[in-house]
Amino acid sequence: MDRETTRRRALAALLGGGTAALGASSAGGLLDRFAPLSGRAWESGGDVPDTVEGPYGPATVTYDDHHVPHVEADSEAAAYFAVGYVQAADRLFQMDLIRRLMGGRLAAAVGEQGVESDLFHRRMDFRGAAEASWEAIQGSESATLTAAFTDGVNAFLDAGPAPLEAGLVGYDIDAWDPVDTLLVGTQIAWGLTGSFGTLRRAVLRERLDGDDYERLFGARFDHGAPILKDGIGGDLEGVGGSQATRAAPDGSDDTLRSAGAGLASALAAHEPPDLWGSNHWAVSGEHTESGAPTLAYDPHLTLMAPPVWYEQHVTVGDVNVRGATFPGIPFAIVGENDHGAWGFTNTGADVMDLYDYETRGTDGDGPSEYRYRGEYREFETEVQTVPVAGGENREVTVRKTVHGPYLEREVNGESQAVGVAWTGHSGTRESQAIYEFGRSTGRDDYREALRKMDVPTQNALYVDDDGILYKVSGRIPVRRVDGEVVPGDRVFDGSAGEGEWEGFEPFGQSSWDGFVPFEDKPGVVDPDYVGTANQRVADDPTYPVGQGYASGFRGARIYERLEARIERGDPVTREWMANLQRDHLDIRARELVPAILDAREQMPDAADPYLDALADWDYRMNRDSEAALFFDEFYDRFRAKTWEDDFSSMGLDESFWPQEWPLVTLPPDDEFFGGDRATVLAEAVADAVAELDGNDEERYGDRNRTTIDHQFGGQVPALNYPRYETDGTAFTVFNVHDGAGAGSSWRQVTPRDGESLSVIPGGQDGSYFSEHYHDQLQLWADGEYKPMRRTVPDDDPDVRVEGEE
Amino acid sequence: MSDASPPERSGSAAAALDALRARPRTRRVATLAAVVVGLGLATVHWVWLVVGGAMVGLTRGSLPRALLAGLLFGALALAVSLGPFGFDPSAVLALAPAGYVWLGAGLVLPTFGALARGLG
């Protein structure tokens, strides 16, 4: 064999062997996803097919300048087939991620990092709840149209390019199912009403003495601005004649056999984020320049890329509705039609109870039986496998009692557990209610639809051409202990059948017999004005509503501006409503800055420039303000200095600290300040000065920048949205918090006699390659809007649905 | 006999390739065909980037020129793949590390395939 032959054979071996080895190695997987031309990640750059066959008749979709789809059809089924198609075209990855999260199938796509979440979501059996809700709406229009929507989503899955994210991670997106849509609804309900706060409060009652607990957690926030406050006018409902006959609980009312602080902290990881809230307010025509009512609305949620909301306009016959929905839900949840406009803020109603049980026996990793009303019963159990991409699959035993899921955790070597009852675990009809909101022709119609909104409990605010309706929606349980109505803010003795909900069937169909009657839930018809910002609904509700309300800073600010305007006799305009939505005065600052300045003598000279800035400040958390920067730096230190030592000594982490209202309003000689608030203020100021003198920040905007990230942004930073300076805090009406990664997720201003405005924090198209990926973000950061027209653009349609009905 | 057969086939293939390279018009047509076929099949699987680079390389008169041709074929594949993105590479490259795999695969695989020119 000559050298040339040897060389050629070696080269042939290198080429053939190298290529084969590349294909067989992990690099082959990367090439499958990212190689030019064939890499599946790049499919998402392909065009959305502009014609699609549908079984419900023709429809057209015309995108406007901000990529809002305007859907026209002769039948609702055809229209919602088209809605499914465009939602999938724009947000398929997001839809899939939500159903994976709630169904406990996240790890199958993202690997180990999704395991803990999957175990929790399997144990809570949210999928079982969604299946019960699908059963609950059978025979309704919403079920029919959800099926059409599902067909539209799957038509896109068959014909359209796969999302970039599926290619980046390397997983496939399965066909959509109607239950997936209900699962998205369950996610909304959980996000707004799921809370293990009851367990935290029980632990706090166990650890704090009675006076401390009452002062920090039990007392009503004295902001004087509940939603149904004096002076708003109108006909009130659901207030007065309190049915609660027992006072708030003390430690002796809780049953904590097997649950404790460790479990509370562990479960907190799966709760919706703190500070989710919302604002909306409405002014009657009597006080507007045009004489027509007006509404402003902005829900506060985690901000993400792509945004949680998807805006759409659907016109079918007499129905002409534009608004925002969660991708995966066919119908606009909030928005406006030809007859009225509506939005929802979170009520903070207590619709989740926790139960402690006597247990015995062993079955796998937990007990086999629990005691219930004098006898032992076997847990309803199911062993499920959680698939893990690139890792070892896990098995989880899902346990349930008569009340609902049974959650266990290993905490410091011992098992802690609690039973859960949550209204969202029953079959619920919010999907039908949302469908009917879009078709409603006025307040009466809307109110009837509201009766079907079993979850979540929301402050529903509606304006039509004649006036305003405010009403608490959602099923609120009535608990009884020894025959007396009690609030749900304690851990009940599940073995004794204490505090049970009459007419509630978890994972089945509830009669809701023992729940607060619709007419007895708080509301007001035809007020002069009304504002909600997650504060206490009323001072004297007929039935207990909730236990954890917002501090009330936003609510108080909305009311003080509304009342000042009306008292001055200045008519309200669309521009004024938008101006109030941009309001970033922080009442915490207004309360604390005078006290800081009073303690000036205890502060270092280096603080002088900052204190001078505070003295001249208007308390607005504006991006250009040095005082706002200083207050922001100061406040977290003041908060930590007040609570950290005391709560740490009780073995309680930050999740147990009180809300901001007590911190801002406690008397200066309170024991949590060591009897001397001035000293605590001075120490916090000194630390803040040292921090700011040591970094480059000069204005609040240097730190208050949008941090709106993609779920995969940690691995692929380009997917994250750009950083823009903005204003506001968690406690201002213009709501931006958590490092500007949470806040107003949708802003809407609707004058009933003029053009509405809206904006989302990002863009309509979830495709990273789209020019609409974040084309509204700068508008949003600057408090500006785009038109929210209910007319279809004159352009040629972008998508045509063809076919016979 | 069994040892002699492959060199004979190889020899005839090499002779055909030599003839192809010797005629400029034929070489241009072959190069064009290799590029079109290579790019077309590379939309199916990345291994065709290697094969495409090999096909293009085999039309060149020397190994260094083959490697250069493979590199250029890869650059063309990258450019074509940017069509859906408005021929703007920045958005793809920003998607690190995926963008780096895209760039690296586009340049290295066809160049690697062009080593086939060294076979004859």
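Modeller: Gladly, starting with aromatic pairs: rings of Phe, Tyr and Trp (its six-membered ring) pair if their centres lie within 6.5 Å, and planes under 30 degrees apart count as stacked, over 60 as edge-to-face and the rest as tilted. By that rule, a search of the whole structure finds 51 aromatic pairs over all chains. This is a predicted model, so local features need pLDDT of at least 70 and side-chain atom pairs count only at pLDDT 80 or more, while totals for chains, interfaces and linings use all residues. Residues are numbered from 1 along each chain as its sequence is written, chains are lettered from A and ligands numbered from 1 in the order in which they are written, and side-chain values use heavy atoms, with hydrogens and water left out.

Colleague: Why is the pair of Tyr357(A) and Tyr406(A) called tilted?

Modeller: The ring centres are 5.9 Å apart and the planes stand at 55 degrees, so the pair is tilted. Tyr357(A) sits in the loop between strand E12 (352–356) and strand E13 (359–360), and Tyr406(A) in strand E18 (residues 405–411), 49 residues away, so the pair links distant parts of chain A. Strands (E, at least two residues) and helices (H or I, at least four) are DSSP runs, numbered from the N terminus.

Colleague: What makes the pair of Tyr768(A) and Tyr773(A) edge-to-face?

Modeller: The planes of Tyr768(A) and Tyr773(A) are 80 degrees apart, with 6.0 Å from centre to centre. Both residues belong to a cluster linked by ring pairs, which also includes Phe85(B).

Colleague: How do you know that Tyr768(A) counts as buried?

Modeller: Buried means under 20% relative accessible area, exposed over 50%, and partly exposed in between (1.4 Å probe, protein chains only). Tyr768(A) has 13% relative accessibility, so Tyr768(A) counts as buried. Tyr773(A), at 3%, therefore counts as buried too.

Colleague: What makes you say that Arg588(A) lies over the face of Tyr635(A)?

Modeller: A charge sits over a ring if NZ of Lys or CZ of Arg is within 6 Å of the ring centre and within 35 degrees of the ring normal. Arg588(A) is at 4.2 Å from the ring centre of Tyr635(A). The charged end of Lys229(A) sits over the ring of Tyr559(A), at 5.3 Å from its centre.

Colleague: Why is Gly238(A) called buried?

Modeller: Its relative accessible area is 10%, so Gly238(A) is buried. Leaving aside neighbours within four places in sequence, Gly238(A) is in contact (heavy atoms within 4.5 Å) with residues including Glu519(A), Pro522(A) and Thr542(A).

Colleague: How do you know that the span of helix H4 of chain B agrees with what it should be?

Modeller: The expected span is 1.5 Å times one less than the number of residues. Helix H4 (residues 63–81) has 19 residues and should span 27 Å; its end C-alpha atoms are 27 Å apart, so the two agree. The buried residues of H4(B), among them Phe73(B) and Leu78(B), pack against helices H2 (24–42), H3 (47–58) and H6 (98–113) of chain B.

Colleague: How much area do chain B and chain A bury between them?

Modeller: About 2,600 Å², 78% of it on carbon and sulfur atoms. Buried area is the accessible area (1.4 Å probe) that two parts lose on being put together, summed over both. In chain B, Trp46(B), Leu95(B) and Leu119(B) lose the most area to chain A.
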